[in-house]
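Let's take a look at the charged side chains in this one and how they pair up. Have the viewer ready and follow along.

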Amino acid sequence: MTEALVMRGVRLQRDAVVLLEGISWAVLPEERWVVLGPNGSGKTTLLRVASMYLHPSAGHVAVDGEAFGRTDVRALRARVGLASPAFGDLLRPTLTATEVVMTARNAALEPWWHAYDDHDRDRARDLLDRFGVGPAADRPVATLSSGERQRVLLARAFSGAPAIVLLDEPTAGLDLGGREDLVERLSRMAEDPTSPPTVLVTHHVDEIPRGTTHVLLMRDGRIAEQGPIDVCLSATTLSDTFGVPLVLDRRGDRWMAWGATR
């Protein structure tokens with residue numbers, strides 16, 4: 001079975017600062033991962049390397065069996081669905097929500113760079129519906145609320161035929177109702193066997209979607225723990241990762257964590 005994503009011995013250094021060190025990790029096609037860790041632990045940097053927007057200083061990165069550095073990076077990026085607040089800043093404000101989603105098939109930022117047809121538009125509109133922003137399909141992204149833009153970027157991440165989908169804090173900035181609605185929609189995607197493997201970065205265990213299979217815990221640019229979520233996510237591993245004593249509870253399909261009383 002070809003791994004959707006492989007990293008072996010990845011190191012990233014900028015000037016004298018080491019941002020990632022010793023990252024060895026693989027995501028299989030049927031897996032759904034959550035990445036947890038404190039601010040500055042390297043979570044977003046990890047996704048930027050995985051999505052081919054940062055080149056590691058050392059190590060091996062491959063998506064869908066194609067190695068970074070040996071394949072046209074534009075072709076590789078088209079195999080990765082990415083939803084990131086930073087990516088949203090790159091979009092031309094007058095693009096419609098449908099155009100934003102549709103152009104993901106070619107990892108493009110503008111619709112005129114490639115040819116699209118009615119099938120592409122219908123697929124884009126279907127994904128916008130699945131993420132609860134269908135009525136905004138023909139609106140320019142500049143007119144959307146921050147929550148609506150988040151949903152458009154999520155729909156874009158699942159567009160085309162990605163080998164893997166990377167989600168960087170997709171619920172950031174949402175109110176409680178919006179967050180819960182989006183967690184439920186991500187849960188449905190996770191439980192859909194036809195959906196691509198996903199990697200979700202978050203700070204909060206209560207945002208882990210139902211259907212998540214694996215966890216990666218990061219601290220100081222290194223992997224602190226990785227593996228099946230039922231085995232590797234515990235009060236001990238979470239406390240060690242965040243550097244504070246925490247209580248972890250699971251009720252049904254949802255996780256919760258809070259500070260342990262001293």
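## An exposed arginine

Arg251 comes out as exposed, at 56% relative accessibility (buried is under 20% relative accessible area, exposed over 50%, partly exposed in between, with a 1.4 Å probe and protein chains only). Its salt-bridge partner is Asp249, with the closest N and O atoms 3.0 Å apart. Asp249 itself is partly exposed, at 25%. A salt bridge here is a side-chain nitrogen of Lys or Arg within 4 Å of a carboxyl oxygen of Asp or Glu.

## Ground rules

This is a predicted model, so local features need pLDDT of at least 70 and side-chain atom pairs count only at pLDDT 80 or more, while totals for chains, interfaces and linings use all residues. Numbering starts from 1 along each chain as its sequence is written, and side-chain values use heavy atoms, leaving out hydrogens and water.

## Pairs within helices

Helix 7 (residues 176–191) holds Arg188 and Glu184, four residues apart, or about one helical turn (helices are DSSP runs of H or I, at least four residues, and strands are runs of E, at least two, numbered from the N terminus). They form a salt bridge with the closest N and O atoms at 3.3 Å. Arg188 is partly exposed at 47%, and Glu184 is partly exposed at 29%.

In helix 5 (residues 118–130), Arg123 and Asp126 sit three residues apart. Their closest N and O atoms are 3.9 Å apart in a salt bridge.

## The wider picture

Searching the whole structure turns up 20 salt bridges. Arg179, Glu180, Asp206, Glu207 and Arg254 are joined in a salt-bridge network.
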